[in-house]
Amino acid sequence: MPRFSVIVPVYKVQAYLHDCLGSVLSQSYDDLELIAVDDCSPDACGAIIDEHAARDRRVTAVHLDTNTGLGPARNAGLAHATGDYVVFLDGDDTLTPGALQAVADRLKETGDPDVLLYDYARTFWSGERVRNKSAAQLAEAGPATFRLADRPGLLKLLSVVWNKAYRREFIEEQGFSFTPGFYEDAPWTYPALMAADSLTTLDRVCVHYRQRRQGSILSTTSRRHFDLFDQYDRVFAFIDARPELAPLRPLIFRKMADHFLTVFTTRVRLPRGSRAEFFRRARAQYRRHHSPGGGPRTLRVRVRHGLVRLGAHRTYLGLGALSALRARAGRPLRALGRALRSGVLHVHYRVQRRLPVREEAVFSAYGNRGYTCNPAAIEAKVRELVPRVRTTWVAAPAHLHTVPPATRKVAPDTFAYWTALARAKYLVSNVEFDGRLVKRDGQVLLQTHHGTPLKTMGLDLMDRPAASRDTDFAHLVARSDKWDFSLSANLHSTLTWERTYPSGYTTLEYGYPRNDVFHEASAADVARFRDALGIPADATAVLYAPTHRDYRRGQHRPLDLERVARTLGPQVVLLTRAHFAYGAPLADEDVHPRIIDVSGHPSVEQLCLAADALITDYSSLMFDYANLDRPIVIHADDWEAYEAARGTYFDLRAFPPGAVARTEDELIDIFTTGHWRGSRSAQLRSAFRSRFCPYDDGHAAERVVRRVFLDQSGSLPPVVPVEDRRPAPSAALPASAVQRELAGLV
């Protein structure tokens with residue numbers, strides 16, 4: 001008897017069915033049976049099911065003679081189920097990696113409850129994924145199991161069958177079966193939740209709920225949407241037959257009323273001329289099952305429900321139209337307000353530019369994303385060495401909290417912002433300031449950059465349309481004309497910047513100030529950073545940080561991170577950091593207990609210090625991390641495509657900072673064999689470090705501040721030779737191991 005019976009009803013989903021069935025059969029927890037029900041689908045679905053059944057004995061193919069609909073198809077699947085628990089999955093959706101393992105673990109922890117509820121994320125054709133907005137209801141705090149009356153907030157979750165696992169004996173004891181027609185989930189889901197003696201939750205995305213552009217039942221125009229009334233009649237018949245469920249009646253009643261209004265206001269569902277009839281049916285249903293109570297409601301909800309109870313169809317439509325009209329009318333007024341404000345700010349900036357320049361330094365990083373990178377290290381050193389200079393940091397409101405208390409904070413495009421840009425003597429950024437900036441006499445602009453270039457930059461992108469897209473190269477060169485100083489970490493960067501941003505600035509080959517912390521941090525600092533991230537003291541932490549792909553719209557995810565974490569064993573923790581351009585993590589939440597998403601962490605330097613090794617592809621982070629003299633592994637699975645689209649300055653595979661993997665299996669092998677930290681990897685890292693880290697000795701920020709802010713070009717701290725540096729120690733790679741690696745170089 002398997003642990004899980006996964007039932008998949010199938011009808012006209014041939015384009016998605018391979019993904020659906022594959023997501024089940026590739027689960028790390030394989031004690032399952034997959035029952036795929038061909039609901040007399042007219043396309044290739046039946047053949048796809050048979051193909052999977054022939055390949056995998058866990059698949060049972062069920063073919064129906066006539067098309068019955070989702071409910072009866074699920075019933076046909078239930079008739080073949082033998083598992084301890086039943087899980088439903090629609091044929092165009094997928095299970096997330098590791099989902100069944102997580103469900104099995106939670107069931108074991110909670111003593112095999114009647115029903116377990118888990119989360120889902122909507123996945124769009126664009127590649128975007130959006131987690132359920134009511135995910136907070138799935139919190140695992142409190143009693144391990146409970147009844148619905150103890151946590152009625154669970155009714156806020158989508159009332160579908162596929163976000164739950166049901167104990168099969170519970171289903172049989174209750175005599176549950178699906179009804180025909182649209183909205184068949186309601187008379188199954190609500191009774192199951194109400195009848196269960198033990199419920200539990202799993203706060204994890206287990207299902208990717210595909211949002212199809214076309215073909216979804218919910219976007220079908222049909223009178224079958226009137227089935228909703230019969231389905232709720234069945235729900236209330238179930239409640240009325242069980243007096244003990246009476247306290248839950250008002251909650252279900254409110255869900256019913258909201259459901260009616262959702263269908264009514266979604267114009268695509270109801271055929272032309274049927275909306276008034278639907279509203280009349282809703283009024284009759286509302287009066288028949290009316291149950292006062294059910295908790296607090298907003299005025300808007302009370303008005304909407306009141307109009308249903310009164311049958312005020314035209315009033316309801318009129319209020320909806322009025323609300324839409326107010327929203328449309330407000331748009332031009334808001335646009336006019338923005339235009340007026342922009343004009344006032346422009347005049348303010350011009351006035352401020354006529355006032356004297358003052359001893360102030362304005363800093364910004366990554367387009368105002370917060371206190372970070374080279375500008376942050378320089379700002380801190382300015383406060384230490386040049387206290388007469390007032391420092392101001394520009395950050396978007398969401399990032400102002402990252403700025404130190406001693407530093408003045410301003411938000412972009414405010415009066416304070418334009419005043420600072422107009423009057424500050426020093427302007428420091430790792431990208432560019434506002435394009436409207438007019439650099440005046442007496443101002444000094446320092447461009448710090450934010451990485452050693454492996455990929456082509458600046459004017460070298462003119463022949464790379466996939467990467468440059470709509471770049472205005474004339475404007476790009478004009479911006480570099482504003483620079484007084486360009487910071488460089490090595491000769492390679494110097495040559496690249498001077499060719500790709502040709503202008504009259506002075507290059508400062510001083511190293512990157514953001515890397516000073518790698519030589520200043522102590523073992524105690526490393527331990528503190530690791531503890532804050534939840535890394536066990538005896539674990540090896542590996543930071544996985546891939547870069548952006550110009551040739552892809554969505555995020556490149558070449559690794560099955562759950563498999564990698566499982567294969568590398570319990571002593572390895574993966575810290576996954578997605579490129580900020582994507583705004584989404586590399587792995588689904590809670591996909592594995594030893595995968596920690598650090599995409600939102602404000603300091604990549606702290607992450608580097610906490611990590612004992614780095615896995616990356618073509619990210620410039622490798623040049624910074626090499627300063628720590630810790631292992632680096634390159635995963636170059638798409639080098640040819642990346643090089644063709646973006647272009648690179650050298651073949652990373654020929655001059656890498658460590659071992660190179662071209663596939664996931666090779667990557668795993670590098671770690672399981674110890675090659676990641678072997679003598680050959682140390683040799684490669686040593687050569688890479690000598691070439692690209694000649695000035696990163698912990699004194700870069702001081703050199704910059706003394707040269708730019710104090711004009712002390714003749715008395716800068718001398719560069720510490722690479723072989724004499726002692727970067728912060730690794731927590732899992734003790735000094736003795738480092739010495740053994742170095743001994744292998746001799």
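**View 1. Lining of the second largest cavity in the predicted model.** Ten names make up this close-up: Leu117, Leu154, Leu155, Leu157, Leu158, Ser159, Lys164, Thr189, Tyr190 and Leu193 line the second largest cavity. Its volume is about 40 Å³. Helix α6 (residues 186–195) supplies the largest share of the lining, three residues. By class, seven lining residues are nonpolar, two are polar and one is charged.

**View 2. The largest cavity and its lining.** This cavity has a volume of about 50 Å³. Glu432, Phe433, Asp434, Gly435 and Leu437 line the cavity, together with Leu445, Arg479 and Lys482. Four of the lining residues are charged, three are nonpolar and one is polar. In total, the structure holds four cavities of 30 Å³ or more.

**View 3. Phe88 in the largest nonpolar core.** The core counts 96 residues. Phe4, Phe88 and Trp188 touch the most other members. What does Phe88 touch, leaving aside residues up to four places away in sequence? Its contacts are Ile7, Arg74, Leu78, Val161, Trp162, Tyr166, Phe178 and Trp188.

Methods. Residues numbered from 1 in each chain as written. Predicted model: local features only at pLDDT ≥ 70, side-chain atom pairs only at ≥ 80, totals over all residues. Heavy atoms only, no water. 1 Å grid on protein atoms, 1.4 Å probe; cavity = no way out; pocket = protein on both sides within 12 Å on 5 of 7 lines; lining within 4 Å. Points joined across faces, edges and corners; volume = space filled by probe spheres on them. Nonpolar A, V, L, I, M, F, W, Y, C, P; charged D, E, K, R; others polar. Helix = DSSP H or I, 4+ residues; strand = E, 2+ residues; numbered from the N terminus. Core = buried A, V, L, I, M, F, W, Y, C linked by side-chain atoms within 4.5 Å. Buried < 20%, exposed > 50% of the residue type's maximum accessible area, 1.4 Å probe, protein only. Contact = heavy atoms within 4.5 Å.
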